[in-house]
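Here is a short report for a first look. Please view the sequence and the model together as you read.

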Amino acid sequence: MAFNLLLVEDDEEIREIITDYFTEKSNGTFIVNAAKDGEEGLQKLYSDDYDLVLLDVMLPELDGFTLCRELRKSSDVPIIFLTSREAENDRLYGYQLGCDDYVTKPFSLAELYAKTNALLKRAKGMVRHEIMKAGSITLDPYRYTVFVNHEEVMLAPKEFAILKILMDHPGKVVSRETLLVRIWGYDFEGNERVVDNHVKKLRKALGSASSQIKTVFKKGY
């Protein structure tokens with residue numbers, strides 16, 4: 001099965017590197033079509049069907065956020081943002097617009113390929129779509145949604161990530177160090193207090209379900 005991908009990226013070298021890597025790695029299964037700016041990307045989206053879009057955020061003429069917004073008016077094609085913008089608000093805004101994942105520049109080609117491959121499999125129904133449930137909390141890891149008693153709650157990316165990790169380990173203690181490494185990375189220069197602050201925000205967002213997250217003294221959650 002061949003997959004038709006659209007890459008919208010204004011850096012010619014990055015376009016060529018991604019195209020060559022994806023073509024070789026997939027043995028021609030990934031057919032990469034490239035656009036150098038948002039306007040060209042939009043024209044290509046109107047003129048052809050794509051299985052996934054790799055979309056740079058900072059584009060001339062028409063930026064990635066605007067292009068994503070336009071695309072979501074008529075299509076649910078999977079979108080991965082390529083961006084040098086690491087601010088949490090930017091990521092949350094992208095998810096609200098309807099993107100499916102983020103890769104931050106400079107990125108690993110292997111990571112981008114793996115995320116693309118996994119997202120395509122989910123979109124094509126090649127993996128089981130599992131809804132996670134714990135008490136009154138329901139989490140959809142692929143649609144990036146959380147419901148408490150059937151009412152949707154909006155979570156920032158890090159609060160969503162914390163909740164998913166905790167729901168992946170029901171009844172088990174997840175240490176602050178584990179959460180810190182998995183969400184912020186090994187090279188994060190802050191301390192474990194940042195985890196506590198985000199758990200506090202998460203509990204506030206969950207409202208009546210906040211008591212489902214238990215603090216284990218000196219160990220974690």
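## Terms and model

Buried means under 20% relative accessible area, exposed means over 50%, and partly exposed lies in between (1.4 Å probe, protein chains only). This is a predicted model: local features need pLDDT of at least 70, side-chain atom pairs count only at pLDDT 80 or more, and totals for chains, interfaces and linings use all residues. Residues are numbered from 1 along each chain as its sequence is written, and side-chain values use heavy atoms, with hydrogens and water left out.

## Ala110

Ala110 has 42% relative accessibility, so it counts as partly exposed. Its place is in helix H5 (residues 109-123). Helices (H or I, at least four residues) and strands (E, at least two) are DSSP runs, numbered from the N terminus.

Lys121 is 11 residues from Ala110 along the chain. The C-alpha atoms of Ala110 and Lys121 are separated by 17 Å.

## Asp56

Asp56 lies in strand E3 (residues 52-56). Its relative accessible area is 3%, so Asp56 is buried.

What does Asp56 touch, not counting residues up to four places away in sequence? The list is Val8, Glu9, Asp10, Gly64, Leu82 and Lys105. Contact here means heavy atoms within 4.5 Å. With Lys105, the side chains make a polar contact (3.2 Å). A polar contact is a pair of N or O atoms within 3.5 Å; within protein, one must be able to donate a hydrogen and the other to accept it, and residues adjacent in sequence count only if both atoms are side-chain atoms.

## Helices H2 and H3

The axes of H2 (residues 38-47) and H3 (residues 64-72) come within 10 Å and cross at roughly 15°. Axes are lines fitted to C-alpha atoms, for helices over the stretch in contact, and angles run from 0 to 180 degrees between N-to-C directions. H2 and H3 are therefore roughly parallel to each other. Angles under 35 degrees count as roughly parallel, over 145 as roughly antiparallel, 65 to 115 as roughly perpendicular and the rest as oblique.

From H2, Gly38, Leu42, Leu45 and Tyr46 meet Leu67, Glu70 and Leu71 in H3.

## Helices H7 and H8

H7 (residues 176-184) and H8 (residues 193-206) pack at an angle of about 85°, with axes 9 Å apart. The two helices, H7 and H8, are therefore roughly perpendicular to each other. H7 brings Arg176, Leu179, Leu180 and Trp184 to the contact, and H8 brings Val194, Val195, Asp196 and His198.
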